[in-house]
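The exercises below are each followed by a worked solution. Work through them with the sequence and the model at hand.

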Amino acid sequence: MTDLFRKLRQAAHMMVGIPDYDAYLRHMADHHPAKPVMDRTSFFRDRQQARYGGRNGGRCC
């Protein structure tokens, strides 16, 4: 993937609120190499939970 395409894809995902799993992997490798990383599904659920909260603490719509 070219650098320009990767940046455009990342920007598009940020605009619609899709978390960037590849950026997460780079961050973990650079800053927390000894910690285990979440798989893609767990990462997405974690980011979704952080953004919208649970049933009792999230937004109404």
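**Exercise 1. Determine how many helices and strands the protein chain has, and in what pattern.**

Solution. Take helices (H or I, at least four residues) and strands (E, at least two) as DSSP runs, numbered from the N terminus. The protein chain then has three helices and zero strands. Along the sequence, the pattern reads α-α-α.

Residues are numbered from 1 along each chain as its sequence is written. The model is predicted, with local features needing pLDDT of at least 70 and side-chain atom pairs counting only at pLDDT 80 or more, while totals for chains, interfaces and linings use all residues; side-chain values use heavy atoms, and hydrogens and water are left out.

**Exercise 2. State which element has the lowest mean pLDDT and which the highest.**

Solution. pLDDT is the predictor's confidence in each residue, from 0 to 100. Begin with the protein chain: its average is 83, and 84% of the residues score at least 70. Then go to the elements: the lowest mean, 81, belongs to α1, and the highest, 92, to helix α2 (residues 21–31).

**Exercise 3. Find the salt bridges made by D3, and say how exposed the residues are.**

Solution. A salt bridge is a side-chain nitrogen of Lys or Arg within 4 Å of a carboxyl oxygen of Asp or Glu.

- Step 1. D3 pairs with R6, with 2.5 Å between the closest N and O atoms. Both residues lie in helix α1, three residues apart, about one turn of the helix.
- Step 2. D3 also meets K7 in a salt bridge, at 3.5 Å from N to O. K7 and D3 are about one helical turn apart because four residues separate them in helix α1.
- Step 3. Taken together, D3, R6 and K7 are linked in a salt-bridge network.
- Step 4. For exposure, buried means under 20% relative accessible area, exposed over 50%, and partly exposed in between (1.4 Å probe, protein chains only). D3 has 43% and is therefore partly exposed. R6, at 30%, is partly exposed, and K7 is partly exposed at 47%.

**Exercise 4. Which residue forms a salt bridge with R47?**

Solution. The structure holds four salt bridges. One of them joins R47 to D46, the closest N and O atoms being 3.0 Å apart. R47 has 35% relative accessibility, so R47 counts as partly exposed. D46, at 33%, counts as partly exposed.

**Exercise 5. Check the span of helix α3 and describe what lies at its start and after it.**

Solution. The expected span of a helix is 1.5 Å times one less than its number of residues. For the 13 residues of α3 (residues 40–52) this gives 18 Å, and the end C-alpha atoms are 18 Å apart, so the two agree. At the start of α3, a side-chain oxygen of D39 comes within 3.2 Å of the backbone nitrogen of T41. After α3 comes G53, with a positive phi near 75 degrees.

**Exercise 6. Describe the surface of the protein chain, including the nonpolar patch that contains V16.**

Solution. Accessible areas come from the Shrake-Rupley method with a 1.4 Å probe; for residues, only the protein chains shown count as cover.

- Step 1. The protein chain exposes about 5,300 Å², of which carbon and sulfur atoms supply 56%. Of its 61 residues, 7% are buried.
- Step 2. Patches are made of residues with over 30% relative accessible area and no salt bridge, like charges being joined within 9 Å and nonpolar side chains (Val, Leu, Ile, Met, Phe, Trp, Tyr) within 5 Å. M15, V16 and I18 form a nonpolar surface patch with about 340 Å² of accessible area together.
- Step 3. V16 belongs to helix α1 (residues 3–16). V16 counts as exposed because its relative accessibility is 57%.

Note on methods:
A polar contact is a pair of N or O atoms within 3.5 Å; within protein, one must be able to donate a hydrogen and the other to accept it, and residues adjacent in sequence count only if both atoms are side-chain atoms.
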